[in-house]
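Have your viewer ready, try each task, and then compare with the worked solution.

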Amino acid sequence: MSYDLREARGKAAIVGAIDAVSSTGVLEGSTRALEVAMIRGALEDAGLTIGDVDGIFACTGGMMMHSMELAEYLGITQPCWTDTTQTGGSSFEVLVEHAAAAITLGHCEVAVIVYAMNPRGARKSGGGGGMGGMGAAMAMMGGESPQMEWEMPYGLRMPMGGYAMSADRHMSQYGTTSEQLAQIAVSTREWATMNPNARYQDPLTIQEVLDSPLQCGPLHKLDCCLVTDGAGALVMTSAERARDLKKPAAYVLGTGTSHTHSMPSAMPDLTVTAGAVSGPKAFRMAGVTPNDVDVLEMYDSFTITVLLALEDLGFVKKGEGGPFVAEGVLGPKGSRPAQTNGGGLSYTHPGMYGMFLLVEAVRQLRGECGPRQIENAEIAVAHGCGGVLSSTSTVVLGTESTL
Amino acid sequence: MEPKASSASQPFWEATKEQKFLLPWCKDCEKPFWYPRVMCPHCLGESIEWKEASGQGSVYASAVHWKPGMPPAGDLKPPFVVSLIDLEEGVRMLSNVIGCEATDVHEGMSVKITWEKLSDGRFLPQFEPAS
C-alpha cells in the first residue's frame, strides 16, 4: 500500500528565505562565514532561532560530510534529520522535497537548507573555489571515472560541451535557431534591468548575443550563465507552525525529482530531460497544471536549459520551444514571465543555482519584488537542473489562498 | 589527457593496440552496451563477451569546440568537434570527427573509425567521414 502523495500537499512550507549576491560578482568572506550569515538571516526572516532547528540540509561547504560538519560548526548537536544529497544545481529543490517529506512525516519540525560558494572571491585570494571541497573529494577518489575514460580524452568541455550537443540536436531535429536561443538571454536580461542586485543590468539585444564569441558551437558566450559568488538559505516548517510566523508562508504543494544520466554521452535523448518526469509528478501532487502557474523560475545555466525545461514541464509542446520563446514571452511584458530575478544568465550563478530559484519564488509569492513583482502571484514553480542536463527537481509552491 | 583504463575496460584497450574495435555484449540478454562496465546495464548480467564492431556509424549530435577546456588526447587544434556517434551495432559513443572541417560535421553524417596513437602503444578510437 503506497502513500498518496496528494495527501502531503501543503503540509510543509518555506517560512524563511534569503540570498546574498553582489553586482560586482564578488562576496567577501569564507563560504562557511557566508553560510552562517545566510542561516542567521533566514531564521530572522522566519522569526525563529537556531535553537528551533532540528533538521540540517547542506551539500557543499565541507569536505564530504557537509551537513555534519556544518551542524557541528553551528553548535547543533542532536538534529533529527540530516541530509547531504548532491545532484548538482538541482540539489536545493531536492532538499526542499526531502525537508517537506521529513516535516510532513514528523521526523523534524524546523529545517534549515543552506548554500554558499565563492568561485570569484576564492580565485582572487587563491583558495577555496567554486566547488568547495568537492575538488578535494574527487582527487581522493583517484580520478578514475567513466567520464575521465570516455569523454575527457576527446576534449569535451565540461559542462558546456554537453549543453552544446543538446542545442545542436534540438536545432537539427526541430529547426530551432541561434536567434531563438538568444531571445531567452535577452528576455532574462529584461528582468535583470529591474533588479539592482543583478550582475548585469544593461539591456541586451539578440545581435549582441550572436556577436559574442562562440564557445562550444552552437552556444555563444552570452548563451552561458555567469560565474559569480553567491549564497542563500531557506527555513522550512510545518503548515501549522508556519501560520504563526512573521511573514506569509510559501506552502509546498508538490515536488518531483528524477535524473536520466550523469555524463552527457549517456543521456538517452539529448532533447528530453528528467523534467518530463519530475515536472508532471510535482504538478500531479500539487493538483495544478502549467496554466495555473503565475511565477516560473527555471534553471538557466545555458539558454538551451530553459528551452528544454519549458517543453519538458509542458508549457509548450516538445520541439516548439524555439518559436514560443522567440515572441519574448519570458520577459516582463510576456505572457509566460520567467526567471524574474534575472536568472543565472544575468543575476548570479555560483555553480549550483537552484537555491536562487527558490528564494525568488518565495519573494514573488510574498509580494516582495518591487518593480519586478508579478501581480497576484499565488502559484510558483522552481525547477532546478543539475549535472549536464542530468538531474531535475521541480517544486510547486503556493500562497495560503491555494490550500 | 589520455584515458586511464578501468578493470572493466582492459580488453577494449588491449585490442586497440592492434587497432581492433571491440564492443562488450551481454551473454544473458544478447545486447551490446557502451561504455564498458563490470555488468550489463540492461539486465545486470555479469557474463560479458567482446565482439569486434564494424566501426561504421552516423553522427547524432556535435559541439564545435572554439574555446576548449582541458586539452584532448589527440592532436587537435580549435575549432575541433566533439560528437556523439550512433554505431551500427546500436550503441552511442562520444568521440571526435576528424579529417574534415569541424563546422562541416552534421547530424546523420556517415562516419567510420580511425585511430590516434597514444603514448603507451594503445590507440584512441576517433571517426572520419565514411566517403
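**Exercise 1.** In which sense do strand 5 of chain A and strand 3 of chain B pair, and over how many bridges?

*Solution.* A word on conventions comes before the steps. This is a predicted model, in which local features need pLDDT of at least 70, side-chain atom pairs count only at pLDDT 80 or more, and totals for chains, interfaces and linings use all residues. Residues are numbered from 1 along each chain as its sequence is written, chains are lettered from A and ligands numbered from 1 in the order in which they are written, and side-chain values use heavy atoms, with hydrogens and water left out.

Step 1: find strand 5 of chain A at residues 214–217; strands (E, at least two residues) and helices (H or I, at least four) are DSSP runs numbered from the N terminus.
Step 2: strand 5 of chain A runs antiparallel to strand 3 of chain B, with two bridges; strands pair if DSSP finds at least two bridges between them.

**Exercise 2.** Describe the interface of chain B and chain A.

*Solution.* Step 1: count residues in contact (heavy atoms within 4.5 Å): chain B gives 39 and chain A gives 30.
Step 1: get the buried area, meaning the accessible area (1.4 Å probe) that two parts lose on being put together, summed over both. The value is about 2900 Å², and carbon and sulfur atoms give 60% of that area.
Step 2: on the side of chain B, the most area is lost by Tyr60(B), Lys67(B) and Leu94(B), together 22% of what that side buries.

**Exercise 3.** Is Gln339(A) buried or exposed?

*Solution.* Step 1: Gln339(A) is not a glycine, yet has a positive phi of about 55°.
Step 1: the relative accessibility of Gln339(A) is 1%, so Gln339(A) counts as buried (buried is under 20% relative accessible area, exposed over 50%, partly exposed in between; 1.4 Å probe, protein chains only).
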